[in-house]
Amino acid sequence: MNHYINPGILFLLLTITSCQPKAPIPLEFSNESEFYRAGEIVRVKRSEDMPKNLMLSDPFLTQCVDLDADGIWDLLLIESDFEPEEIKDVQLKAIEPTQQPDLNTGTDISFSVRADKKYSGLEISEITRYRGAKQNIRQPFFHLEGPGIENDKVAFRTFFDPRNGKDIYGKTTEQLTLHEAGIDTSWHKLSDWGMDILQVGNSLGAGGLAVLEADKLHRLGDADKSVYTKLYSGPLEAAHRIDFMGWDAGSKKIDGYEQLTLTRGKYYYSNEIGVSDTALILAIGMPNFKSESFNLTQHNAKYSSVWTYAHQADGTNSKLGMAIMFENRQYHSHNEIKEGLDIGNTNYVALKARARNKVYFFACWELSNPFFSKQENFEQYLQDEADKLSNPIQITKK
C-alpha cells in the first residue's frame, strides 16, 4: 500500500515544568482509510513519560482533558486534517505557547439556575437530585430545564427531572449561544442563534432511554438518586455525566450512568450508557410526530443506524435528519410507537445491553447547513461518519 508521508515534522507546542523531561516525544499518526478526513480529532492517552502539566498552542487546535479530576491531564485532543492513507510524524516538544485558542467557538456546557428575563450566572458543575423531584415546565427551576451541551454546529439539552428526555437546539451560528437561549424570548421561535427544533411531548426525545420488557417500553427516567457532573469543555470537546442509583428499569431497579460527549465540527453527540444489569434490552428513541418512514441501514461491518428524514423541524417545517448509530453486534430489534400514555410517538432501536454501551445521536438540520436539504446528503454523512468511527486514526509511539 502506498502511503503519503507528510514531509514536515509537526510540532505540538507544550509548556512543562523544569523537572520534567525536555526531549521531544515522537509519535506517528496514521490514517489507514482511503478517504480524506477534515478536522479529525486525534486522541492521545497520556503515558508516564509525558509531562504532567501542559498547554498547547500553534500550529494545532488542541485540548487537554483531565478525566479523573486529579489535576493531571489524561487525554490530549489534537485537531488535524489527513489525506487518504497519510502518515504524520509528530513530536511533542516543550516550548512556551504563543497564543490561546478562540474560546468563542468550539464546545461548551451550560447548566444554570433560572432567572427571570436574564442569565443568572449561577452555573452548576455538580448537583444531586432525589426521587420525585420535578420542575414546573412553565417556570422551570433550571435554565434549559437541565444541562445543555453545544459545539459549533448543534446543541442538545437533557431534562434534569424524571423525564430524562433530550431535546435539540438547531444552530444557525458557530458562536457559543446556550447562555442566551430563551432569555427574554421563546426558544420555540427562530432567533439569530437558532431555535428549539424538536417536538418532544411524551416521546423519548433525542436519544432518550428506555428498556424493552415484555414487548413494552419502560422509560429509564427517575431514580432514587441522580448525580450530575460536568466533566470538561473546551475548544474541541465537552462532556457531562449523570450517575443513577436505584434507576427505574421496568420491573427492576438498576444502577447506571449516561455520559454525553459532543465534539467540535460534528452534528451528533456520543452517549456512553452504563448499566449494572446486562440482561436488559436497552432502547434508544427519537420522536416520530412528523415522520412517516423509519429506516435501518447497515453502514459497514461494525455500525448500523436507524434514521428518519422529513419536514420535522418543529416551528419551521424545514428538513431535519435524525439517526441513532450503534454497533451491529448489539442489535435486537427496532419498532415504532404512535400511541402511549407514558411513552408515545417514538421510533426506537432495541439493543442487547452490555455493562458499557456506546450510541451516537445525529441531528442534521438544513438551516444549520444547506447540505442537509437533500436526503441523499444526510445518508452520505451517516455513512462517512460510520466509516470514520470504524477506522480511527492510529497512534504509534516511536
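Over which residues does pLDDT stay under 50, with 66 contacts beyond four places in sequence in the model? Residues 1-21 are that stretch. The structure is a predicted model. Its mean pLDDT is 88. Of the protein's residues, 88% reach 70 or more.

**Confidence**
- Where pLDDT is low, the predicted coordinates should not be read in detail.

**Aromatic pairs**
- The whole structure holds 22 aromatic pairs.
- One of them joins Tyr267 and Tyr381, with ring centres 5.8 Å apart. Their planes stand at 85°, over the 60 degrees required, so this pair is edge-to-face.
- Tyr267 sits in the loop between strand E18 (252-263) and strand E19 (268-275). Tyr381 belongs to helix H1 (residues 375-390). The pair therefore ties together parts that are 114 residues apart in sequence.
- Tyr267 and Tyr381 are both buried.
- Ring pairs also build a cluster. Its members are Tyr267, Tyr268, Tyr303, Tyr360, Phe362, Phe371, Phe372 and Tyr381.

**Cavities**
- A search of the whole structure turns up two cavities of 30 Å³ or more.

Conventions
Residues numbered from 1 in each chain as written. Predicted model: local features only at pLDDT ≥ 70, side-chain atom pairs only at ≥ 80, totals over all residues. Heavy atoms only, no water. pLDDT = per-residue confidence, 0-100. Contact = heavy atoms within 4.5 Å. 1 Å grid on protein atoms, 1.4 Å probe; cavity = no way out; pocket = protein on both sides within 12 Å on 5 of 7 lines; lining within 4 Å. Points joined across faces, edges and corners; volume = space filled by probe spheres on them. Phe/Tyr/Trp six-rings, centres within 6.5 Å; stacked < 30°, edge-to-face > 60°. Helix = DSSP H or I, 4+ residues; strand = E, 2+ residues; numbered from the N terminus. Buried < 20%, exposed > 50% of the residue type's maximum accessible area, 1.4 Å probe, protein only.
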